[in-house]
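Subject: Model for your files

Hello,

The model we talked about is below. My notes on the sheet, the cores and the aromatic rings follow it.

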Amino acid sequence: MTSRGRLVVITGPSGVGKSTIVSEVLRRTDARYSISATTRPMRGGETDGEDYYFVTRPVFENMIETGKLLEWAEVFGGEYYGTPLEPVRDALANGEVLILEIDVQGGLLVNRKMPEADYVLLLPPDEATLAQRLTGRGTESQDATAERLAKAVEEIRIARDSGVYTIEIINDDLESAIAEVVAIVNQEST
């Protein structure tokens, strides 16, 4: 009999290093990545079923209506993003560890249906470091960076106040943060 798998939900504010950490954890473990569905158009170099499940708006809305999503949101620009429920359930039934990289609000929605998941909050060492990381991207105006920083601070507050994110990892040293997440992923299911 295969042991039940685990869902590891990884979140944190923009600029904390989620994508970098998750990609390295996937490389170092047997965990799989949870692929999201979206209504946005496919970009060059993306592959359906690998980067996202690209679906039409009517298909996505049907997934909402029929309860086929673990969580979903309509984001700026009117595009939908969400986590299909069936692949998550299948992976867990097969004893796999599945990593879901998501924003704070999405993680809170996942918690309503799967409170048994491990909820990891990645944090910057401090607000000044986060501001430096967001500014260092050089892709946005000063106002946009300030807005992202304010949003990040608010996301951290919401995550902590929720009580859902029971594991906090401070990304002040990338290798240490990766090692901490790898240890969580490699824990045996109970």
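How many bridges join E8 to E9? Four bridges join these two strands, which run parallel. Helices (H or I, at least four residues) and strands (E, at least two) are DSSP runs, numbered from the N terminus, and two strands pair if DSSP finds at least two bridges between them.

Before the rest, the conventions. This is a predicted model, in which local features need pLDDT of at least 70 and side-chain atom pairs count only at pLDDT 80 or more, while totals for chains, interfaces and linings use all residues. Residues are numbered from 1 along each chain as its sequence is written, and side-chain values use heavy atoms, with hydrogens and water left out.

Sheet

E8 and E9 belong to an open sheet of five strands, in the order E2-E7-E1-E8-E9, with parallel pairing. Its edge strands are E2 (32-33) and E9, each of which pairs on one side only.

Six of the six residues of E8 are buried (under 20% relative accessible area; exposed is over 50%, partly exposed in between; 1.4 Å probe, protein chains only), so E8 is largely enclosed by the rest of the structure. Asp-118, Val-120 and Leu-122 point one way from the strand, and Tyr-119, Leu-121 and Leu-123 point the other way. In a regular strand the side chains alternate between the two faces of the sheet.

H4 lies across E1, E7 and E8 and runs at about 155° to E1. H7 (residues 174-186) touches E1, E7, E8 and E9, and its direction makes about 155° with that of E9. Axes are lines fitted to C-alpha atoms, for helices over the stretch in contact, and angles run from 0 to 180 degrees between N-to-C directions; contact means heavy atoms within 4.5 Å.

Cores

A nonpolar core is a set of buried Ala, Val, Leu, Ile, Met, Phe, Trp, Tyr and Cys residues joined through side-chain atoms within 4.5 Å. The largest one has 22 residues, and Leu-7, Val-9, Leu-70, Val-110, Met-114, Tyr-119 and Tyr-165 touch the most other members. Elements that give two or more residues to this core include E1 (6-11), H4 (104-113) and E8 (118-123). H3 supplies the largest share, four residues. Not counting residues up to four places away in sequence, Met-114 touches Leu-7, Leu-70, Leu-85, Val-88, Arg-89, Leu-92 and Tyr-119. Another core, of 18 residues, lies apart from it and has Ile-10, Ala-31, Val-97 and Ala-177 among its members.

Aromatic rings

There are five aromatic pairs. Rings of Phe, Tyr and Trp (its six-membered ring) pair if their centres lie within 6.5 Å; planes under 30 degrees apart count as stacked, over 60 as edge-to-face and the rest as tilted.

Phe-60 and Tyr-80 are stacked, at 4.8 Å centre to centre and 0° between the planes. Phe-60 lies in H2 (residues 57-65) and Tyr-80 in E6 (residues 80-84), so the pair ties together parts that are 20 residues apart in sequence. Both residues are buried.

Tyr-119 and Tyr-165 are edge-to-face, at 6.0 Å centre to centre and 90° between the planes. Tyr-119 is in E8 and Tyr-165 in the loop between H6 and E9, 46 residues apart. Tyr-119 is buried at 2% relative accessibility, and Tyr-165 is buried with a relative accessible area of 6%.

Tyr-52, Phe-54 and Tyr-81 form one aromatic cluster.

Regards
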